[in-house]
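I opened this entry to record what I looked up in the model, beginning with the order of its elements.

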Amino acid sequence: MPTILRAGRGMMLWDKARRDPPPKKLELFSYENDPYSRIVREALCELELPYILHNVGEGSQRMKLLLEASGSKEVSS
């Protein structure tokens with residue numbers, strides 16, 4: 001359903017997107033079905049910014065990465 005409501009988002013290049021990639025890939029921490037990270041993923045695709053997606057669910061082994069990167073175990077919107 002969210003895909004239907006946001007038809008086309010994340011599928012086309014944003015006209016003001018920079019052509020040169022950032023020096024380092026961005027890292028996005030999210031959990032399954034997080035509506036806020038979906039919007040961020042769509043924007044990153046439209047801007048053609050390379051990123052690494054870390055799915056961090058309850059009990060995930062990737063929780064340590066999130067704690068090191070942000071100092072918190074929370075995925076916030």
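I read the elements along the sequence and found the pattern α-β-α-β-α. I therefore list three helices and two strands, with helices (H or I, at least four residues) and strands (E, at least two) taken as DSSP runs numbered from the N terminus.

I noted that this is a predicted model, in which local features need pLDDT of at least 70, side-chain atom pairs count only at pLDDT 80 or more, and totals for chains, interfaces and linings use all residues. Residues are numbered from 1 along each chain as its sequence is written, and side-chain values use heavy atoms, with hydrogens and water left out.

I looked up confidence next, as pLDDT (the predictor's confidence in each residue, from 0 to 100). The chain has a mean of 76, and 73% of its residues reach 70 or more. Where pLDDT is low, the predicted coordinates should not be read in detail.

I then turned to burial and surface. Of the 77 residues, 17% are buried (under 20% relative accessible area, 1.4 Å probe, protein chains only). The accessible surface comes to about 6300 Å², and carbon and sulfur atoms hold 55% of that (Shrake-Rupley method, 1.4 Å probe).

For contacts (heavy atoms within 4.5 Å), I recorded that 62% of those between residues at least 6 apart in sequence join residues at least 24 apart.

Last, I checked Ser37, in helix α2 (residues 35-46). Ser37 counts as buried because its relative accessibility is 5%. Leaving aside neighbours within four places in sequence, I found Ser37 in contact with Leu28, Ser30 and Tyr31.

Methods
Buried means under 20% relative accessible area, exposed over 50%, partly exposed in between (1.4 Å probe, protein chains only).
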